[in-house]
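Please look over the structure below before reading on. The report that follows is meant for someone seeing it for the first time.

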Amino acid sequence: MATQTTIIPHSQQPLVSRTYPSEADLDAAIVAASTAQKAWAKVPVAERIAIGRKFMDEFKAMADEIPMELTLQMGRPVSQCPGEVRGFLDRADYMLSIAESSLADVPLTNTDKPGFRRFIKRTPLGVVLVIAPWNFPYLVSVNSVLPAIVAGNAVIFKPSPQTPLTAERFALALTKAGVPKDIIQVIHMSPALSTRAIQHPSVDFISFTGSVQGGRAVGEAATLAKGFKGVGLELGGKDPAYVRPDADLDYTVGELVDGALFNSGQSCCAVERIYVHESVYDVFVDAFVKIVKSYKLGDPTKPETNLGPVVSLASAERIRKQVSDAVAAGAKALIPEDLFPIAQAGTTYVAPQVLVNVNHTMDVMMEESFGPILMNDSPYGLTASVWTNAAANSDSEEAFLKFVDEIEAGTVFLNRCDFLDPALAWTGVKDSGRGVSLSKFGYDQLTRAKSVHMKIKTS
């Protein structure tokens, strides 16, 4: 049988291998999920929520084991990995706190005519296939896996081959808490098996997070399947920031450096384009470059490292090419390469870079880099941020709200970036995808409306 092997990004050594199932075994797992889901849907919502709370306890008990394990899988500095555990638990807590109200029947009592009763139920979809990414494997998967299960669905969970252990831990905590084993199944799949799962008649919805190319393949596979499957796609970003003349630069510069370089820039909502008002441009750029130069790029297992490798040699080469192509086309690089000697060709270490004098003919401005580079529009629309002193200037808040109406993005931030609030809908426009996760609307995506129309009095 075919296998996959996870390569440690910084050492390029194998970490773990997993065997793919046969087509027959995959089909059997999906049928088992469909069968189990019918019973799971009958479990009262309050009981499913209680199991969700137990799941959080089980996951907390694993917290100390996760950071280094995550670092070895995808390369983030170990000092920064506990934050993903905290964020995971925060999102789980919020989605559980709103589950009962989000899944409750919607009564129409105020407009019912005498002798009638009408209401709208939220019913589970059935089997949800979750295809998760490697860059924030816990934070992204909790957005869909836990709400899907709490809503009464079964989940087939396909993790990235880069981070297989994350899904296995997630599922283990769920089953320890009382989720039936066929309701949460981690299945490692090749692209061909993934297509088979997408098109399986018992899979009702696909939640995919990843690249535009991957999202397009998922959407096409679902379209070619029999029936009409729902698909949620959370794809890439080329997220811009605009710094207005009254921005608090002492605060703004550091926030934007972090928003660009955290996780080696490998975030769908990383800041990759910064537009700065000319009146503060020089001061901003100087301060930005100074902070970037202070970063410590190196072995992610060491506590002093705050910038690790990118995920693969291919990613590293692609990022280097985007930078070199931009420089050849007239962009100016402000970070000397010799400041980060570990960043050599043939390695996954990529030096952070700040580019100025860029324009929108360059790929580095238009295409998602997924790396630690910054540029001064794009087919993406995930998030955008505006930086201005709204506390001191009411006109600045009004200006921001005008930007909100004009910016084509799923989320628009004021004075922050690269952050998901679980109370807000996480969504994108254009090539950043379609569908919603988190918030009440995340539950809406994982359920269907069923209308109940009762004529009680017939005479």
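Predicted model: local features only at pLDDT ≥ 70, side-chain atom pairs only at ≥ 80, totals over all residues.

Residues are numbered from 1 along each chain as its sequence is written, and side-chain values use heavy atoms, with hydrogens and water left out.

Helices (H or I, at least four residues) and strands (E, at least two) are DSSP runs, numbered from the N terminus. Two strands pair if DSSP finds at least two bridges between them. In general, strands of a sheet pair through backbone hydrogen bonds, either parallel or antiparallel.

Four strands with parallel pairing make up an open sheet in the order 11-10-16-17. Strand 11 (271-276) and strand 17 each have a single partner strand, so one side of each is left without a neighbour in the sheet. From one strand to the next, the twist averages 20 degrees; axes are lines fitted to C-alpha atoms, for helices over the stretch in contact, and angles run from 0 to 180 degrees between N-to-C directions. Four bridges link strand 16 (residues 383-387) to strand 17 in the parallel sense. Serine 385 has phenylalanine 413 of strand 17 as its bridge partner.

Two helices pack on this sheet, as the table shows. Contact means heavy atoms within 4.5 Å.

| Helix | Strands touched | Angle |
|---|---|---|
| Helix 11 (residues 249-261) | strand 10 (239-243), strand 11, strand 16 | about 160 degrees with strand 16 |
| Helix 15 (residues 394-406) | strand 10, strand 16, strand 17 | about 165 degrees with strand 17 |

Another open sheet has three strands in the order 3-4-20, with antiparallel pairing. Its edge strands, strand 3 (106-107) and strand 20 (447-455), each pair on one side only. Strand 3 is joined to strand 4 (residues 116-124) by two bridges. Valine 106 has isoleucine 120 in strand 4 as its bridge partner.

**Two loop residues with positive phi**

Most residues other than glycine have a negative phi. Asparagine 415 has a positive phi near 60 degrees. This asparagine 415 sits in the loop between strand 17 (411-414) and strand 18 (429-430). Leucine 438 also has a positive phi, of about 65 degrees, and lies in the loop between strand 19 (433-434) and helix 16 (439-445).

Are these residues buried, partly exposed or exposed? Buried means under 20% relative accessible area, exposed over 50%, and partly exposed in between (1.4 Å probe, protein chains only). Asparagine 415 counts as partly exposed because its relative accessibility is 21%, whereas leucine 438, at 1%, counts as buried.
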